[in-house]
Amino acid sequence: MKRNENTEELLINIKNELLSVPPDVFISKWIMEKTPDIFYNKEMQYYEWKHKMASGLQVDARDIIVTGSACLGYSLNPKKNFKKFNEKSDIDVGVISNYYFDIAWHELRNKKYYKLDNNMKRALEDHKNRLIYWGTIATDKILPLLSFGKHWNKVINELKCIPPVNDREINFRIYKDNKSFRDYQLNSIKECREILLGGKF
């Protein structure tokens, strides 16, 4: 589906489908199988950018999914009130990889907490108490702790220079498999639906 030229109409369509389309179908249509909004009318650039990322990370291109407001044009994070994607917005990318998930999981589990600063300790606690349960690793918070962190950072810096990304921050999140990715997205979708039904937006 191509982005509607009228961004207000786009937001109305997103909200309507949040309420009328089954959540797993919404995720397929608006996230997993969609050309990201940031690459609107630039589909070939998107495929080239995505394949360059896949080559750098050594995963298949189909296992890379742009998420968040860079994908839809608006954030589905319930705390962000459908915030519109803008020049300061980051680009969130899901990487579906059982291989990298297992490496990160084992490395994080064996980290010595006492050697870390408080921010890293909080990030590890969040993984231990919430994220790992959902089969996800939020590398934007803990990339320096991972053995492949320097290489992934190099890939990020190369991809940031390519239009239309234009030096935006790129945040990777690793998912154990496609089901983990979908289930994680479902949480936000369900929260957004509840908020919309409650008339808070």
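Which residues touch the most other members of the largest nonpolar core? They are I14, W49 and V93, in a core of 64 residues. The model is predicted: local features need pLDDT of at least 70, side-chain atom pairs count only at pLDDT 80 or more, and totals for chains, interfaces and linings use all residues. Residues are numbered from 1 along each chain as its sequence is written, and side-chain values use heavy atoms, with hydrogens and water left out.

**Nonpolar core**

- A nonpolar core is a set of buried Ala, Val, Leu, Ile, Met, Phe, Trp, Tyr and Cys residues joined through side-chain atoms within 4.5 Å.
- Buried means under 20% relative accessible area, exposed means over 50%, and partly exposed lies in between (1.4 Å probe, protein chains only).
- Helices (H or I, at least four residues) and strands (E, at least two) are DSSP runs numbered from the N terminus.
- Not counting residues up to four places away in sequence, W49 touches F39, V66, I91, V93, L159, I162, V165 and I170; contact means heavy atoms within 4.5 Å.

**Sheet**

- Four strands form an open sheet in the order β1-β2-β4-β3, with mixed pairing; two strands pair if DSSP finds at least two bridges between them.
- β1 (64-67) and β3 (136-138) stand at the edges with a single partner strand each, so one side of each has no neighbour in the sheet.
- From one strand to the next, the twist averages 25°.
- Strand β4 (residues 170-175) runs antiparallel to β3, and three bridges join them.
- A138 stands opposite R173 in β4.
- Helix α5 (residues 98-109) packs on the sheet and touches β2 (91-96), β3 and β4; its direction makes about 65° with that of β3.
- Axes are lines fitted to C-alpha atoms, for helices over the stretch in contact, and angles run from 0 to 180 degrees between N-to-C directions.

**Aromatic rings**

- The whole structure holds 12 aromatic pairs.
- One of these is Y133 with W134, an edge-to-face pair at 5.2 Å centre to centre and 90° between the planes.
- Y133 is exposed, with a relative accessible area of 67%, whereas W134 is partly exposed at 28%.
- Y175 and F181 have ring centres 5.0 Å apart and planes at 75°, so this pair is edge-to-face; both residues are buried.
- Rings of Phe, Tyr and Trp (its six-membered ring) pair if their centres lie within 6.5 Å; planes under 30 degrees apart count as stacked, over 60 as edge-to-face and the rest as tilted.
- Y99, Y100, F148, W152 and F172 are linked into a cluster by ring pairs.

**Charges over rings**

- The charged end of R109 sits over the ring of W105, 4.6 Å from its centre.
- K15 lies over the face of F82, at 5.1 Å from the ring centre.
- A charge sits over a ring if NZ of Lys or CZ of Arg is within 6 Å of the ring centre and within 35 degrees of the ring normal.

**Backbone features in loops**

- F82 is in the loop between α4 (68-72) and β2, and has a positive phi near 55° in a residue other than glycine.
- F82 counts as buried, at 5% relative accessibility.
- The loop between α8 (149-160) and β4 contains P164, and the peptide bond from P163 to P164 is cis, with omega near 5°.
- D167 is found in the loop between α8 and β4; its phi is also positive, near 65°.
- D167 is exposed, with a relative accessible area of 56%.
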